[in-house]
Amino acid sequence: MTTFPRILSIASLLIIWLILSVAFPPSIVPGPVPVFKAMAQNVASGKAFYDLYKTLLRVGLGWC
Amino acid sequence: MVLGVTTGTIMGLSRKGAVFLDSWVLVGLTVPAIVNSIICLLWLGLNDRAAIVAIGTAAFPAVSISILQGIKGIDTQLVSMGQAFHLSRSAIIRKIIFPQLLPHILASMRYALGICWKICTTVELIGMSSGVGYQLNYWFGLFSMTQVFAWTLLFLLVMFAIEYLIFKPIEKRLTRWRTGVPALQWAQ
């Protein structure tokens, strides 16, 4: 029952992002595709894991 | 969380404690997070310890206030009823006080995590050579909006994962006894 509104909520955010990326140049609002590609590259290179680990460690210990 | 829950509990249970700690919490709430981060980095150096202390001190006032409000809102008539039924002290805490405090604890856990993320990014942006905040600063320096968005999105996905894989199941398990508000049944 809550799955549809959740999907709709995420889809609406993506649509707004897409519209903004069309309306503005990529240096201001990059489109979802290049952003997802860059994110995938960061993850594939392993760079993202180290930085995420460091941030999560700090957040986790600070939060406790 | 530990500092916030302790402070909030002391403030909620003791009038003198509340008067004493009130100004501490007010100072914690008033000092901007960026000032907090700068002070910790200058005092403790550009290391993880400074980041952890900055995060902990920035998050504790919000947790304290939430716990304090929870303690103030405890239904004392239920506690009296428990005493009238000769419930033990631990049973009163476990079965009457804790369930009433639980929503406040869960809310403060989530709120504190949100604050922690924000402070951590700020600290990493100012004085760290690793972490998501550092990466955001690095790519900002190169004016690569795509990478700034990519790191923000990654950050967001981790937050979603924590929310849906850790917080929601814990909340569901701990509050399974609640039937929910009838008017809001449609939302579940």
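Modeller: Happy to! First a term: pLDDT is the predictor's confidence in each residue, from 0 to 100. This is a predicted model, in which local features need pLDDT of at least 70, side-chain atom pairs count only at pLDDT 80 or more, and totals for chains, interfaces and linings use all residues. Residues are numbered from 1 along each chain as its sequence is written, while chains are lettered from A and ligands numbered from 1 in the order in which they are written.

Colleague: Thanks! Which element of chain B has the highest mean pLDDT?

Modeller: Elements here are DSSP runs numbered from the N terminus: helices (H or I, at least four residues) and strands (E, at least two). Chain B as a whole has a mean pLDDT of 83, with 94% of its residues at 70 or more. Helix α1 (residues 2-13) of chain B has the lowest mean, 81. The highest, 90, belongs to helix α7 (residues 132-141) of chain B.

Colleague: What ipTM does the model score?

Modeller: There are two scores for the model as a whole. Its pTM is 0.75, and its ipTM is 0.87.

Colleague: Is B:Ile65 buried or exposed?

Modeller: B:Ile65 sits in helix α4 of chain B. A residue is buried if 20 or more other C-beta atoms, placed from the backbone, lie within 10 Å of its own, exposed if 12 or fewer, and partly exposed in between. Because B:Ile65 has 21 such neighbours, it counts as buried.

Colleague: How does B:Gln69 count, then?

Modeller: B:Gln69 also has its place in helix α4 (residues 48-72) of chain B. Its C-alpha is 9.1 Å from that of B:Leu101, 32 residues away in sequence. With 14 C-beta neighbours inside 10 Å, B:Gln69 counts as partly exposed.

Colleague: Back to α7(B): which helix of chain A do its buried residues pack against?

Modeller: The buried residues in α7(B) are B:Val132, B:Gly133, B:Tyr134 and B:Gln135. For packing, two residues are in contact if their C-beta atoms, placed from the backbone, lie within 7 Å. Within chain B, the partners are α6 (89-127) and α8 (145-174). From chain A, the partner is α3.
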